[in-house]
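Subject: Structure handover

Hi,

Here is the structure I promised to pass on. Could you open it and keep it beside you while you read my notes?

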Amino acid sequence: MTWYVGLVDFSGESEVQSDGRCVSRYTRKYLVRTDAATFQTEAQVATAVGINRGSALAADPNAICHKASIGPGPAMTRAPYLAYFATYEWATNATLPDTVDDDPTTRRTLTSISPTIQSTYIIDYMDGTTRKVILDSAGQPFDGGIPVDVRMGTVTKTRNKDAAGYDQNAVLANSGKVNSVTYLGGEPGTVQVDISASETYEGAWHFWKETFTFSYRKTGWQPRPLQAGFYCRDEADGEPRRILNSDVGAGGDDGECPEPQPLDDDGLIVPKADRPLGCKFKDDFDYFQEMDFSTFSL
């Protein structure tokens, strides 16, 4: 079987859109003939022409082929004299596909980056790589913390996964975990992931659309409460006892201190002269599980 392909028509246009974007569009029309004994499919004709959707135009590499139309030739034909018209359209504002495939699971992973604003109360801050407690002029933590709008970096990645063998349990099992190794520039423990998935049908394809949301927090996601309370250990016998006003130099009676006091690793009151550097955070436990996020293969 022999194919004959010839360019019979072409056009090109450019415009400036209302948003100021310059867009160019091109059309190429080919007459395709063959001496095949039977009619050929659209896919066979497209293969003979050799132009794929998603390919760039040689005359303008920024223009991507986004549409291909194949139909009967200029007149009724029959074997062995079959003719077809193959028309292709390119545009500089067309989306560049990752692969030339109708399968939705072959689409590229898309990423978006944005800040997430969260109203919260803080009791500490990062001074370089050192975590410090925020204290008032009397050396006391602020009651209830300081209200601030925290901006946390958020990265969202979306992809499609084939439904065959899809592990739905992993969506819930991995949500809430934090990074065990550096990920997206965030040190271990500072990036947390949430995963959602929705079942989708397109044509004959059955797949799951996954969305990964990575949130960055400079001080880390593991709970690290300040070592502070209304009780301390007695220096004489090491037993817990109520903190009194006299323990913190409040003067007056020996009544119970109305404010929680910072404690050191031994459960003793941190002297005011040693605050805030002497204040400690409880960091001997992890609430969130850790994992290497590179295993997601995003």
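First, the ground rules. This is a predicted model, with local features needing pLDDT of at least 70 and side-chain atom pairs counting only at pLDDT 80 or more, while totals for chains, interfaces and linings use all residues. Residues are numbered from 1 along each chain as its sequence is written, and side-chain values use heavy atoms, with hydrogens and water left out.

Let's start with the strands. Helices (H or I, at least four residues) and strands (E, at least two) are DSSP runs, numbered from the N terminus, and two strands pair if DSSP finds at least two bridges between them. Five strands make an open sheet in the order E1-E2-E5-E4-E3, and the pairing is antiparallel. E1 and strand E3 (56–57) sit at the edges with a single partner strand each, so one side of each has no neighbour in the sheet. Ala56 has Ile64 in E4 as its bridge partner.

Helix H1 (residues 42–49) lies across E1, E2, E4 and E5. H1 runs at about 80 degrees to E1 (axes are lines fitted to C-alpha atoms, for helices over the stretch in contact, and angles run from 0 to 180 degrees between N-to-C directions).

There is also a hairpin to look at. Strand E7 (residues 124–127) and strand E8 (residues 130–133) pair in the antiparallel sense over four bridges, with Met126 standing opposite Arg131 in E8. Two residues separate E7 from E8, and Gly128 in the turn has a positive phi of about 70 degrees.

On to the inside. In soluble globular proteins, nonpolar side chains tend to be buried together. I use "nonpolar core" for a set of buried Ala, Val, Leu, Ile, Met, Phe, Trp, Tyr and Cys residues joined through side-chain atoms within 4.5 Å; buried means under 20% relative accessible area, exposed over 50%, and partly exposed in between (1.4 Å probe, protein chains only). The largest nonpolar core has 15 residues, of which Tyr30, Val32, Val49, Ile51, Tyr88 and Trp90 touch the most other members. E2, H1, E4 and E5 each supply at least two residues of this core, and E5 gives the most, with five. What does Ile51 touch, leaving aside its neighbours within four places in sequence? Ile51 is in contact with Tyr30, Ala46, Cys65, Tyr88 and Trp90, where contact means heavy atoms within 4.5 Å. A second, separate core of 14 residues includes Tyr183, Ile195, Trp208 and Phe296.

Now the charged pairs. A salt bridge here is a side-chain nitrogen of Lys or Arg within 4 Å of a carboxyl oxygen of Asp or Glu, and a search of the whole structure finds 11 of them. These are the ones I'd look at:

- Glu15 and Arg25 meet through their side chains at 2.8 Å, N to O. Glu15 lies in strand E1 (residues 3–16) and Arg25 in strand E2 (residues 22–34), so the pair ties together parts that are 10 residues apart in sequence. Glu15 is partly exposed at 36% relative accessibility, and Arg25 is partly exposed at 26%. Glu13, Glu15 and Arg25 are linked in a network of salt bridges.
- Arg107 forms a salt bridge with Glu202, and their closest N and O atoms are 2.7 Å apart. Arg107 lies in the loop between strand E5 (82–91) and strand E6 (110–122), and Glu202 in strand E11 (residues 191–202), so this pair ties together parts 95 residues apart in sequence.
- Arg241 forms a salt bridge with Asp234, with the closest N and O atoms 3.1 Å apart.

Most residues other than glycine have a negative phi, and most peptide bonds are trans. Arg275 and Pro276 are joined by a cis peptide bond, with omega about 10 degrees; Pro276 lies in the loop between strand E16 (261–262) and strand E17 (290–291). Leu184 is not a glycine, yet has a positive phi of about 55 degrees; Leu184 lies in the loop between strand E10 (178–179) and E11. Ser297, in the segment after E17, has a positive phi near 55 degrees and counts as exposed at 57% relative accessibility.

Cheers
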